[in-house]
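Subject: Structure handover

Hello,

The structure is below, and the notes on what was found in it follow. Please read them with the coordinates open.

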Amino acid sequence: ELDGVVVLMSLMELWYQRRVRARKIAPDIRNSVEALLQKNKKSFDPKTAKRASLAAAPLASWVRANVQFSIVLEKIGPLESEQKGLMKKVQKSQMRVENLEKALDVVEQEVAEMRCRFDKRTTEASRLAIELDQATEISAICL
């Protein structure tokens, strides 16, 4: 029953030397580990591993969990890639929105300034129209 522990220890040593994590487990390595798990199924059973060594049971669980996690990661890989692309598009769109908001603020400020100038000129034009009317009345009276 120590075969499982030996297999685990050699796998762990290999994995630690390469600093391989579940995201980095190549399908061929995972397949070979899965084959070992099937071949030595009894050795990787938690009860059997615990009888062999107190350290073997958690190691067996760790190997099985990493293989399963690697399978899940492989399945969701395309979705993660798509999500990454979509997030880049969202960030790009957010930056565009921010730039457009800044440009809109500038335009709104210019519109406010133009309204102010328009109001001043309209007031001035009204004042001049009143003065013109008064001057026309006075010149009509004087003639």
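**Surface patch**

Leu 104, Val 107 and Val 111 form a nonpolar surface patch of about 230 Å². Patches are built from residues with over 30% relative accessible area and no salt bridge, with like charges joined within 9 Å and nonpolar side chains (Val, Leu, Ile, Met, Phe, Trp, Tyr) within 5 Å. Areas come from the Shrake-Rupley method with a 1.4 Å probe, and for residues only the protein chains shown count as cover. Val 107 lies in helix α4 and is partly exposed at 43% relative accessible area (buried is under 20%, exposed over 50%, partly exposed in between; 1.4 Å probe, protein chains only).

**Basis**

This is a predicted model, in which local features need pLDDT of at least 70 and side-chain atom pairs count only at pLDDT 80 or more, while totals for chains, interfaces and linings use all residues. Residues are numbered from 1 along each chain as its sequence is written, and side-chain values use heavy atoms, with hydrogens and water left out.

**Fold and core**

The protein has 4 helices and 0 strands (DSSP runs numbered from the N terminus: helices are H or I, at least four residues; strands are E, at least two). Buried residues account for 19% of its 143 residues.

The largest nonpolar core has 9 residues, among them Val 33, Leu 37, Phe 44 and Val 67. A core here is a set of buried Ala, Val, Leu, Ile, Met, Phe, Trp, Tyr and Cys residues joined through side-chain atoms within 4.5 Å. Helices α2 (27–39) and α4 (56–142) each give two or more residues to this core, and α4 gives the most, with 5. Beyond its neighbours within four places in sequence, Val 67 is in contact (heavy atoms within 4.5 Å) with Arg 30, Val 33, Glu 34 and Leu 37.

**Salt bridges**

The count is 4 salt bridges, each a side-chain nitrogen of Lys or Arg within 4 Å of a carboxyl oxygen of Asp or Glu. Glu 74 pairs with Arg 30, with the closest N and O atoms 2.5 Å apart. That pair joins α4 to α2 across 44 residues. Arg 30 is buried at 7%, whereas Glu 74 is partly exposed at 43%. Arg 30, Glu 34 and Glu 74 are linked in a network of salt bridges.

Arg 127 forms salt bridges with Glu 124 (2.3 Å) and Glu 131 (2.4 Å, N to O). Glu 124 and Arg 127 are 3 residues apart in α4, so about one helical turn separates them.

Regards
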